[in-house]
Amino acid sequence: MEPNKVALVTGAGTGIGRAASRALARDGYSLVLAGRRRPPLEETARLCTGVGGDNLSVFAVPADISIMAEIDHLFSQLMETFSRLDVLFNNAGTAALAAPVDELEFDEWQRSVDVNLTGAFLCAQRAFRIMKAQDPKGGRIINNGSISAHVPRPNSVAYTATKHAITGLTRSISLDGRVHDIACSQIDIGNAATPMTQKMQGGVAQADGSIKAEPTFDVDKCGDAVAFMASLPLSANVPFMTIMANRMPYIGRG
């Protein structure tokens, strides 16, 4: 039997990361699940084992991707266990406290950069090295952008700046990876129903200064989208995909 392909999902303990992990497990991927807290990762692992086949292996590795030593440990564990990597879903991220540009504390800015940009870069860099050297070579890196990679919400300068930077990261990896059969994609998600978006039902700030409730959509559809991107042969790629609640104020925002 052909061995399972291997996927690494960061931020796998909840929300979009958990949905993507379950979808990849359903498609037969063995998984390394990364996140800061062990209990949610172990719950995701249990859910993945429930939908995967008998040949599925799932490992939870607690790791904070803002800390380089923990990234090194994560990828060391991955290689000791599987010796290859076919898909990285670069999903982990954080949002700074909402504040106007002139009031944002530097620590909030730095934390966003450390996790959303530097952490994503370091994970992609290590995945790229593995994919370039393995036999057969190649693989796929999928970055979680956000609709904030295109347009901001009010008082979100740190999150928006880092997510715009993810687009540059995606384009650069995609270009550099061509010769090595490494494909790089970005998924931009708007208002998936997760614990982070529950507040939208009570109203969130709009570009005109008003507060309005916004619709959400089933987070499992995000997982399905990631699994579809991962399912493509390395001769094909979806460079950018946007998936969002149909009635959210994104097209024509402001």
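How many bridges join strand E5 to strand E6? Six bridges connect E5 (residues 139-144) with E6 (residues 182-190), and the two strands run parallel. Within E6, Cys184 is the residue opposite Ile141.

The model is predicted: local features need pLDDT of at least 70, side-chain atom pairs count only at pLDDT 80 or more, and totals for chains, interfaces and linings use all residues. Residues are numbered from 1 along each chain as its sequence is written, and side-chain values use heavy atoms, without hydrogens and water.

The open sheet has seven strands, ordered E3-E2-E1-E4-E5-E6-E11, with parallel pairing. Strands (E, at least two residues) and helices (H or I, at least four) are DSSP runs numbered from the N terminus; two strands pair if DSSP finds at least two bridges between them. Strands E3 (58-62) and E11 (240-244) each have a single partner strand, so one side of each lacks a neighbour in the sheet.

Angles run from 0 to 180 degrees between N-to-C directions, with axes fitted to C-alpha atoms, for helices over the stretch in contact.

| Helix | Strands | Angle |
|---|---|---|
| H2 (residues 38-51) | E2 (30-35), E3 | about 170° to E3 |
| H3 (residues 68-82) | E1 (6-10), E2, E3 | about 165° with E2 |

There is one aromatic pair. Rings of Phe, Tyr and Trp (its six-membered ring) pair if their centres lie within 6.5 Å; planes under 30 degrees apart count as stacked, over 60 as edge-to-face and the rest as tilted. The ring centres of Phe59 and Phe82 are 5.8 Å apart and their planes stand at 80°, so the pair is edge-to-face. Phe59 belongs to strand E3 and Phe82 to helix H3, 23 residues apart.

Notes
Contact = heavy atoms within 4.5 Å.
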